[in-house]
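Biologist: I'd like to learn how to read packing in a model like this one. Could you walk me through it, piece by piece?

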Amino acid sequence: MPEPSGRPGHATDFSYLRLAPAGEARKPALDATVADTADLAYSLVRVLDDKGHAVGPWAEPAIDTELLRNGLKAMIKTRIYDARMLIAQRQKKMSFYMQSLGEEAIGAAQIMALRKGDMCFPSYRQQNLLIAQDVPLVDMMCQLFSNDQDRLKGRQLPVMYSMREHGFFSISGNLATQFVQAVGWAMASAIKGDTKIASAWIGDGATAAADFQTALTFAHVYQAPVILNVINNQWAISSFQAIAGGEATTFAARGTGTGIVSLRVDGNDFLAAYAVSKWAAERARGNYGPTLIEWVSYRAGPHSTSDDPSKYRPANDWSRFPLGDPIERLAQHLKHLGAWSAEEHTQVQKDIEAEVVAAQKQAEAHGTLANGQASSVATMFEDVYKDMPWHLRRQRQQAGV
Amino acid sequence: MSKTASNQSRPMTMIQALRSAMDVMLGRDDNVVIFGQDVGYFGGVFRCTEGLQSKYGRNRVFDAPISEGGIVGAAVGMGAYGLRPVVEIQFADYFYPATDQIVSEAARLRYRSAGEFTAPLTIRMPCGGGIYGGQTHSQSPEALFTHVTGLRTVMPSNPYDAKGLLIAAIECDDPVIFLEPKRLYNGPFDGHHDQPVVPWSKHPLGSVPDGYYSIPLESASVFRPGSELTVLTYGTMVYVAEVAARESGVDAEIIDLRSLWPLDIDTIVASVRKTGRCVVLHEATQTSGFGAELATLIQEHCFYHLEAPIERVAGWDTPYPHAHEWAYFPSPKRVGDAFRKVMDESPGRPGSGFAASGKRGG
């Protein structure tokens, strides 16, 4: 049975990651076959080298500097948002929270490579898909606080957002179900002759679920226009990625075995994340079929506010993770380009802090879970069916609402 | 019935009626797509989709990998996009791998997204026994669906209803579990397995309009009017109840529920209040079966009108057997015995379960 190389009290040996130098992985043509690209499922696409320079074939064409600056700001905003919401959870203003610390690059880069109208089927750690689109934070916070402006009427755990107009499918707490739904959505788009594509999200742990493999089979059989994202952040609560079957192979290799072009990518490298997402989106939109991307990253925080990772992994693991911090890496690159500075970083952080604090104040004016200022109880009986059947009307009366 | 267009009727089996419903809806609504194991080129193992792929193309009617979870999961995604998928689970006995997608996803999507996303799916599945299918081709899992809030569960008993209800199910914006009693596909089987079944072409309910019509969900039908007791049943058992009434001489009013949940409580209550006696009948296993819900509803709505305890006839609480199929299947004799028991028992009779206190209201 696999064991992680590090546990509390002794440091992780990260050589198991089998990293490749930046710039080494080749960039295939959009119409490349699975046989032609099988090596890339065991390699690692990286653009930023250790000094923050963009190198290799995936660095071309160069990404617009303004897009990179926006990406960096979105990552900073996500991290500040998470930190503030974590405190709010500790203050019992919400029941639960999940941060995306350390994984901010992946969703932020991918949403910038997608178009309006595309649909993401997220897992629970992709708040950056919303934040990078500048969705009003107050709307997101009202969901977290389950207050009277929560558009989901207090029905869902915090972080289980649903924002159709922002291409963000309703999150389910049942892992992996969304993966095959994304393929179905993409099939529907193809059936209708539409050019919209789907983007599916799953963690390394949930790839062990049947729905993951089913999704791959359906995506391959119907050549669905979908990007299949696997975030390998090394940990599913306390289960090391090898418990999901990652030892001596890769999660990208799962796709190769199913006939899907699959890449393994440095998930903490914003430039790689954008370049590969754009490539996969072009493949989907150009009718070249699905792409599976394994994003190698690290879950820097606890699984959720109900978890204590110091019980099962070294406390300083993230600081030793070889792929570093995605925010620092992009900031370093932008500084080389002369498009970022320490002063600007401080100023941006300050501005975003102020924005988040203001949004939180506005959201809290509509209530928090602590003060019980929620949607009316009568709404509990709505939306079970399109039209309320007699038995629910009767039960609503019995509930006295 | 409602929304009946003026169109020619002709004899159809239940298979032809179901196919006709899908044909009509594929023609009327570009968002309808049909898929499942074997349903495309071949037209399904029961031939319900035969000819539809050649008529509407492989984009609208197609084969799916043998993965019920994948079939329903993909349909949920298609529904979120705006399509109206109709999927076939080859036998109801095979739906279990799709449970997460049905229970946690399709049934909950409207609620959890506050109406932003919906899953207007129809999930067709042949159910019930009587075909020597053994335990994996004979089950009646309806109670597993009626327990799931957010689902509609429907089971027709004849070609006319099958078409009208399937059209209503496809048009419905809620996910609908559409159970097809496969023993009724070719005729109104009444449980006398040693006798030939009358073909639908010789039965009035086998006369089906060619075009569009729908039967509202949540509407039961009074299949046989009667005065002495009410039978609450659905699917194949409708005909078993009918023959049991004839053979026992009990003037039973047979209510064919058609929609199991949400159901037509008014028709049920009106009948039981009229007859004062009730038999609950289904082919599925008894314990925690849908009959338990029906008996409770009668207790809640009709207690003071009852002249005798409610009798329940169901499949035995065993897996569906193969060689002993006819010892398992609720026979006309078992149903007739239940009728006589309910008629014999009245308040005050020993063993009736009623105390003759005279204090009951009514």
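Predicted model: local features only at pLDDT ≥ 70, side-chain atom pairs only at ≥ 80, totals over all residues.

Biologist: How many residues of domain 1 of chain B are in contact with domain 2 of chain B?

Modeller: Domain 1 of chain B brings 29 residues, which meet 29 residues of domain 2 of chain B. On the domain 1 side, α6 (142-146), β6 (152-154) and α7 (159-171) of chain B each supply at least two residues. That side splits into 10 nonpolar, 14 polar and 5 charged residues.

Biologist: And between the chains, which helix of chain B gives the most to the side that touches chain A?

Modeller: Start with the totals: 35 residues come from chain B and 35 from chain A. α3(B) gives the most to chain B's side, with 10 residues. The side of chain B that touches chain A has 15 nonpolar, 12 polar and 8 charged residues.

Biologist: Now a helix pair. At what angle do α6 and α7 of chain A pack?

Modeller: Helix α6 (residues 177-191) and helix α7 (residues 210-221) of chain A pack at about 15°, with axes 7 Å apart. Angles under 35 degrees count as roughly parallel, so α6(A) is roughly parallel to α7(A). The crossing of α6(A) past α7(A) is left-handed.

Biologist: Which residues of α6(A) make that contact?

Modeller: T177(A), F179(A), V180(A) and V183(A) do, and their partners on α7(A) include F212(A) and F218(A). The contact of α6(A) with α7(A) divides into 7 nonpolar, 2 polar and 1 charged.

Note on methods
Residues numbered from 1 in each chain as written. Chains lettered and ligands numbered in written order. Contact = placed C-beta atoms within 7 Å. Helix = DSSP H or I, 4+ residues; strand = E, 2+ residues; numbered from the N terminus. Nonpolar A, V, L, I, M, F, W, Y, C, P; charged D, E, K, R; others polar. Axes fitted to C-alpha atoms, helices over the stretch in contact; angles between N-to-C directions. Parallel < 35°, antiparallel > 145°, perpendicular 65-115°, else oblique. Left-handed = near helix turned anticlockwise from the far one by under 90°.
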